Amino acid sequence: AISMAFAPLLILLDDKVLQPRLAPKAQKRAPDAIDERDAEVIIAGHGRFGMTIVRLLQANGRRTVVLDHDAEQIEALRKFGFRIYYGDASRLDLLEAAGAKNAKVFVIAIDDRERALAIAETVLRNFPHLRVVARAWDRVHAYQLLNSGVHAVYREVFGTSVDVARDVLTALGQHPFEAQRAAALFKAHDEQLVRVSAAHQLDQTKLIDISRTARAEIANVLAQDVGEK
């Protein structure tokens, strides 16, 4: 009985006190000195999401500068020739040093919801000429980013989920072209739906109504598309 009574307290002690002390400490240091002038694109975050963006842009000859706050990862990636700087992308001085005044696009690729919003606010307020695109953790995060002024959001797993559904349709016997077209129509419809819904982010009743209407609309659109062939 005594052990059962103390178990919750011991679990809490382990979670709040012991584990934080035993966990490896993230390396922290002063921001890197940055002096960039020719970057076309500045990217905040070089994790599993940002890395692909950087690789594709650089493969197409586009000049990029990457800011990240993971010191250990930066050191590892620099060995592969990536142009990455350590620093907080929400700091105005670092953004200016990274060439934000002359860049064309700013990509927020980090996986921290609050930091992403803070970065968006700083960039949009101080560099209104930049087109800001951002990784959204989920639908609600997409609403927040759009309402902050971000020009385009990309939900973290939305594109992959659509790809899976497309391939499932093909596996069920649908022609690959028709499955691809259905996926494209659904994606375009849902992206528009997110923008419409963002205006009613805090009105759950309205969001439910929009969602129900949208499900009927996309089903009708796809049915009509099939009927026209």
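The model is predicted: local features need pLDDT of at least 70 and side-chain atom pairs count only at pLDDT 80 or more, whereas totals for chains, interfaces and linings use all residues. Residues are numbered from 1 along each chain as its sequence is written, and side-chain values use heavy atoms, with hydrogens and water left out.

Buried stands for under 20% relative accessible area, exposed for over 50%, and partly exposed for anything in between, with a 1.4 Å probe and protein chains only. Helices (H or I, at least four residues) and strands (E, at least two) are DSSP runs, numbered from the N terminus.

Which residues does Phe106 contact, leaving aside its neighbours within four places in sequence? They are Ile42, Ala44, Leu95, Ile119, Val123, Leu130, Arg131, Val132 and Val133, where contact means heavy atoms within 4.5 Å.

I turn now to β5. Five of its six residues are buried, so β5 is largely enclosed by the rest of the structure. It runs parallel to β4, with four bridges joining the two; strands pair if DSSP finds at least two bridges between them. In this pairing Phe106 stands opposite Val132. The chain passes from β4 through α5 to β5 in a right-handed β-α-β crossover. Right-handed here means that, with the strands pointing away from the viewer, the path from the first strand over the helix to the second runs clockwise.

Four bridges also join β5 to β6 (residues 152-155), again in parallel, and Ala136 stands opposite Arg155. Together, β5, α6 and β6 make a right-handed β-α-β unit.

Within α6, the buried residues include His141, Ala142, Tyr143, Leu145 and Leu146. At the start of α6, a side-chain oxygen of Asp138 comes to within 3.3 Å of the backbone nitrogen of Val140. After α6 comes Gly149, with a positive phi near 115 degrees.

Finally, the charged pairs. The structure holds 12 salt bridges, each a side-chain nitrogen of Lys or Arg within 4 Å of a carboxyl oxygen of Asp or Glu. Asp138 meets Arg113 in one of them (3.0 Å, N to O). Asp138 lies in the loop between β5 and α6 and Arg113 in α5, so this pair ties together parts 25 residues apart in sequence.

Is the pair formed by Arg155 and Asp190 buried or exposed? Both residues are buried, and their closest N and O atoms are 2.8 Å apart. Elsewhere, salt bridges that share partners join Glu40, Arg62 and Arg63 into one network.

Note on methods: A polar contact is a pair of N or O atoms within 3.5 Å; within protein, one must be able to donate a hydrogen and the other to accept it, and residues adjacent in sequence count only if both atoms are side-chain atoms.
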